[in-house]
Amino acid sequence: MPEASMKRFHITLALVLLLVSVAPAWALEEQETASLQSSAASDGNGTAVSVTRYATIGLDVEVTNTATVTFEGRSAGASSFSSMRCTNRATGSASTTATSTGNYECPVAGLGEVRARISGCSSCVVNVFGRLTTASPGLAQASGGGGGDASLAEQQAQTGLLTTIDADTGTIAAAIRAEDSPHSSGHTGMEILCVRKDTAASMADTDGDYAPCLIDSTGRLYTRDATTADISVRVGSTTDAPATPGSDGSLNAKLKLLTTQLDTLNTAISTLSGKLPSAASMAEDTATPSVSKIQTFPMVHDGTNWDFMGKAAAESTGVQIVRPHALLADRVSNVVGITDGSSTSVVAAQGSGVRFCATTIVVSNSSATNVTVDIRDGTAGSVLMTIPAAANMGGGVIPLAVPLCTSANTIFAADPSASASTVTITAVGFKTTL
């Protein structure tokens with residue numbers, strides 16, 4: 001063989017070997033095309049395609065108006081279809097359905113048949129075309145083409161993941177504020193977590209270590225005035241006196257000052273309690289105490305309110321004036337003359353729940369007839385007292401050490417035993433709710 005021909009042979013052989021060595025895997029794959037839905041205008045299962053010899057099916061989905069295409073498959077010999085996940089080549093996301101036009105890649109190894117079922121059709125026109133291949137997912141394309149080390153779907157999925165990471169990074173960055181940066185409505189931030197410790201204790205092992213903030217059982221944050229020692233507020237304590245209150249205006253200094261003042265008040269109360277009178281020391285006829293004593297003002301109740309007992313000028317001798325029976329405002333008196341011998345009202349009823357109590361009764365008879373006078377609880381009521389009144393100015397003045405009282409809201413009446421002109425009755429007393 002001539003030398004030039006030999007060189008051409010060697011070059012041709014080298015090119016053939018190079019092409020064979022770099023040929024992609026898809027060059028040896030088996031392929032088949034199929035139509036799963038063709039211009040479908042209503043809901044339906046479409047055509048089931050056998051995939052027993054293939055590993056992947058690429059689907060071109062065309063949806064006009066409104067419809068949902070569900071990707072379904074079943075194993076050889078199975079009676080029903082189940083949903084299967086296919087990857088959208090444009091977005092890298094996996095789904096069991098498509099509602100708009102797109103290109104999908106579905107793994108079908110181990111399945112017997114697949115179909116693209118239509119539901120929810122509204123004036124729809126749907127086409128689903130498929131290309132079956134023995135190549136693994138990521139190396140097949142629905143409309144032909146080549147393959148490589150990374151599938152388009154994988155690249156798109158990775159791109160989507162990077163996009164999500166970039167967005168999350170931006171969100172985190174937006175929550176971080178530089179020192180002295182101004183506030184603006186809508187700013188975001190990261191929550192500070194605190195640890196509940198009912199008894200305050202350090203969460204760090206060494207000075208200078210990071211540690212979380214601490215809260216108590218009610219959610220209050222433990223704090224401390226860094227300028228002074230621990231705050232200690234005591235009431236009524238006589239030991240462990242606090243440090244001399246500072247003048248720096250700090251909270252701790254103010255609390256220490258308050259503690260000192262409370263201790264002073266407690267001491268004053270203790271001293272005062274020693275000067276309060278006991279029952280024995282202030283008994284009747286007790287000599288004047290050697291130290292000042294404290295006593296309360298006597299008070300009285302008028303039926304409605306409490307008030308201090310009044311002080312009169314006559315009390316300069318130290319004698320308390322006491323009125324018998326009732327207040328002056330409650331005095332009641334009246335005089336009536338009776339000529340016909342009938343039971344007659346002397347003092348009117350005093351109102352709901354109120355009685356009239358007589359302390360003095362005066363009876364006189366100017367007629368020539370001897371009579372007796374019944375004092376009644378009401379004109380027809382029970383007899384409370386009978387008083388004789390002889391003729392020609394007989395009768396008498398009757399003071400009552402124990403008041404004679406009517407029932408509540410009842411007339412105080414006098415009832416002569418006979419007609420006599422005239423029997424005069426005078427009643428003096430007071431009204432009371434007792």
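Which residues touch the most other members of the largest nonpolar core? The points below take this up, then turn to the disulfides, a loop residue and a pocket.

1. Basis. This is a predicted model, in which local features need pLDDT of at least 70 and side-chain atom pairs count only at pLDDT 80 or more, while totals for chains, interfaces and linings use all residues. Residues are numbered from 1 along each chain as its sequence is written, and side-chain values use heavy atoms, with hydrogens and water left out.

2. Largest core. L59, V61 and F71 touch the most other members of the largest nonpolar core, which has 26 residues. Two or more residues come from each of β1 (31–40), β3 (56–74), β8 and β9 (113–133). A nonpolar core is here a set of buried Ala, Val, Leu, Ile, Met, Phe, Trp, Tyr and Cys residues joined through side-chain atoms within 4.5 Å. Buried means under 20% relative accessible area, exposed over 50%, and partly exposed in between (1.4 Å probe, protein chains only). Strands (E, at least two residues) and helices (H or I, at least four) are DSSP runs numbered from the N terminus.

3. Another core lies apart from the largest one; it has 22 residues, among them V332, V336, V347 and I387.

4. Contacts of F71. With neighbours within four places in sequence left aside, F71 is in contact (heavy atoms within 4.5 Å) with residues including L59, V61, M84, C86, Y104 and R115. Its partners also include S82, S83, S95, T96, T97 and A98.

5. Disulfides. The structure holds 4 disulfides, each a pair of cysteine sulfur atoms within 2.5 Å. Taken in sequence order, the bonded cysteines pair as 1-2, 3-4, 5-6, 7-8.

6. C86 and C106. The sulfur atoms of this pair are 2.0 Å apart. The link is right-handed, with 115° about the S-S bond. It connects distant parts of the chain, with C86 in strand β5 (residues 86–88) and C106 in strand β8 (residues 102–107), 20 residues apart. Both C86 and C106 are buried.

7. C121 and C124. Here the sulfur atoms are 1.8 Å apart. The torsion about the S-S bond of C121 and C124 is about -105°, so this disulfide is left-handed. C121 is partly exposed at 23% relative accessible area, whereas C124 is buried at 2%.

8. C357 and C405. This disulfide has an S to S distance of 1.9 Å and is right-handed, with 110° about the S-S bond. Because C357 lies in strand β16 (residues 355–365) and C405 in strand β19 (residues 394–405), the pair ties together parts 48 residues apart in sequence. C357 counts as buried at 3% relative accessibility; C405 is partly exposed at 28%.

9. L111. This residue sits in the loop between β8 and β9 and is partly exposed, with a relative accessible area of 22%. The C-alpha atoms of L111 and T52 are separated by 6.1 Å, although the two residues are 59 residues apart along the chain. Beyond neighbours within four places in sequence, L111 is in contact with V51, T52, G73, R74, S75 and M84.

10. Second largest pocket. Its lining consists of A200, A201, S202, M203, P212, C213, L214, L221 and Y222. A pocket is an open set of points on a 1 Å grid over the protein atoms alone, where a 1.4 Å probe fits, with protein on both sides within 12 Å along at least five of seven lines; lining residues have an atom within 4 Å of a point.
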